[in-house]
Amino acid sequence: MPQIGTASHPLRVAIIGSGPSGFYAAEHYFKQPDLVVSIDMYDRLPTPYGLVRGGVAPDHPKIKSVTKVYDKIAAHPAFRFFGNVEIGKHISHATLKEYYHQVVYAVGAQSDRKMGIPGEDLIGSHAATEFVGWYNAHPDYRDLEFDLSQRAVAVIGNGNVAMDVARILASSDEELRTTDIADYALEALRNSNITDIYMLGRRGPAQAAFTNPELKEMGELREADVIVAYEEAQLDDLSREWLAKEKNPVAEKNVRMLQDFAARGPQGKRKRVHMRFLVSPTELLGENGRVTAIRVVKNVLQPAPDGSLRPKATGQTYDIPVGLVFRSIGYKGVELPGLPFDEKNGIIPNTLGRVTDSAGAVLPGVYVTGWIKRGPSGIIGTNKPDSVETVNAALADLPNLPEIAPEKATPEAAEALVRSSQPAYVTFADWGLLDAAEVEAGAAQGRPRIKFSRIAEMLETIQARKASEPNPTA
Ligand code: NAP
């Protein structure tokens, strides 16, 4: 047999997941000058782009424009997209391995971390990730209901997802109606009674995980003031020393901006985003099964062995009356049938992207990249070097890869498998029809697009557009 990856023996790769890490993996395979490779990218949704479509905030269109890069990758003649096909449901991992020399999982982190405090499951307590999916028209979340008739809301966590959630709740209709936010979410937020949003960080201003542009934006909202207590914006001695030593420009700027907000005070806007620091939720309080308040304990910072400053509860507690809580303390990966899983870290165990079993042995030809590889951290661009690392490992493995049956190692065989497993699969050209329909619907309302949020609607639209296309053979 000639070497895998040559003209007479092309490398067949399946990438599972069409978010940033999946596309960057495809890009790096295609960049290899002497490699003959064909790639099939699978996604359980009919739409590509993962969190760029379902996670990035609707009022951040510049970040979303990265999809143009992904479209160029998808235009490669050896690339195919099989949307609406779920690995583990329509096709098993074991079957996939019969058809592809290499399978790269780029499935992200599809769940959320739990707080582990009493009252977490009361009505009105939600994972921020659910709210994000809801306002972004993700089919899994579009039927969730959030009681926006409440006046006060708590958002737990100090990361960029917490910032996104707080900002969307604090935005005016004017700010949202020119975005691609789900139309039902736009309507619900238009009628929202929320006036007070409490963002709760368990550490201080210098340790916040959000970044400078997100904090700046919060201070520029038309209808919402940012309220920071003077004493909470001041640094304790340990944070001051830590900041001087770390020379972390993002943290330094965050602290400066928060101190400016504290000095500025309220401007009398209709809504308020209260940014509280050094508080940890200890319990969600409720009546008749619904959240009515959140109990927090005040923290101080103490040094940890790794040099970071960690929160330590003082025992001093107070309650904030809220009718809605969004827990935004991080995403978590989900176990996939037939693959090992590291429950503690919510990732598929791996070495440099090579999937390993519980004994640490490498599973030949199986790889991971993105959040399911390293955990839910970093911005979109972080996935590029991560995928390069994984694909470099995969390329180094080429000489030692187990062979697959020649009759299954072809694009035609894989397509036949997909067709028999999930006849309603969606190609990249099909997605193009859907994309055009969304953009056209948006243009009529001065919005970038109006997203479909139901899979059945997506499939019907594709069929209708196909039926109305001129028949090239007619
Ligand atoms: P994140 O950045 O890891 O932030 C999680 C936050 O939750 C931290 O403030 C953390 O505090 C806090 N937390 C964790 N456990 C907690 C607990 N038990 N009680 C109270 N607070 C707790 O995660 P994320 O916000 O989900 O974002 C995920 C990644 O996506 C990040 O890398 C983020 O930057 C990125 N992202 C970027 C953008 C953007 O670029 N605009 C938008 C959204 C997301 P500690 O620091 O004390 O652990």
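Colleague: How many aromatic pairs does the count come to by this rule?

Modeller: In this predicted model, the count comes to 19 aromatic pairs.

Colleague: Why is the pair of Tyr24 and Tyr70 called edge-to-face?

Modeller: The ring centres of Tyr24 and Tyr70 lie 5.4 Å apart, and rings pair if their centres lie within 6.5 Å. Their planes stand at 80°, and planes over 60 degrees apart count as edge-to-face, so the pair of Tyr24 and Tyr70 is edge-to-face.

Colleague: What makes this a link between distant parts of the chain?

Modeller: Tyr24 belongs to helix α1 (residues 20-30), whereas Tyr70 belongs to helix α4 (residues 67-74), and the two are 46 residues apart.

Colleague: What makes the meeting of Arg12 and Asp40 a salt bridge?

Modeller: The side chains of Arg12 and Asp40 come to 3.0 Å, N to O, and the rule asks for a nitrogen of Lys or Arg within 4 Å of a carboxyl oxygen of Asp or Glu, so the name applies. This pair, too, links distant parts of the chain, with Arg12 in strand β1 (residues 11-16) and Asp40 in strand β2 (residues 37-43), 28 residues apart. The structure holds 37 salt bridges.

Colleague: Which domains does the domain assignment give?

Modeller: The assignment gives domain 1 as 11-110 + 333-426 and domain 2 as 111-331. Their C-alpha centres lie 33 Å apart, and the contact takes 17 residues from domain 1 and 18 residues from domain 2.

Colleague: How many salt bridges does the rule find across the interface of domain 1 and domain 2?

Modeller: The rule finds three salt bridges across that interface, while the count of residue pairs in polar contact between the two domains is eight. On the side of domain 1 that touches domain 2, the largest share, three residues, comes from helix α2 (residues 51-54), and the residues of that side divide into nine nonpolar, four polar and four charged.

Colleague: What is the area buried between domain 1 and domain 2, and which residues supply 34% of the part that domain 1 buries?

Modeller: About 1400 Å² is buried between the two domains, and carbon and sulfur atoms give 51% of this area. Pro58, Asp59 and His60 supply the 34% of the area that domain 1 buries against domain 2, which is more than any other three residues.

Notes. Residues are numbered from 1 along each chain as its sequence is written. This is a predicted model: local features need pLDDT of at least 70, side-chain atom pairs count only at pLDDT 80 or more; totals for chains, interfaces and linings use all residues. Side-chain values use heavy atoms; hydrogens and water are left out. Domain bounds come from an automatic or database domain assignment. Contact means heavy atoms within 4.5 Å. Buried area is the accessible area (1.4 Å probe) that two parts lose on being put together, summed over both. A polar contact is a pair of N or O atoms within 3.5 Å; within protein, one must be able to donate a hydrogen and the other to accept it, and residues adjacent in sequence count only if both atoms are side-chain atoms. Helices (H or I, at least four residues) and strands (E, at least two) are DSSP runs, numbered from the N terminus. Ala, Val, Leu, Ile, Met, Phe, Trp, Tyr, Cys and Pro count as nonpolar, Asp, Glu, Lys and Arg as charged, and the others, Gly among them, as polar. Rings of Phe, Tyr and Trp (its six-membered ring) pair if their centres lie within 6.5 Å; planes under 30 degrees apart count as stacked, over 60 as edge-to-face and the rest as tilted.
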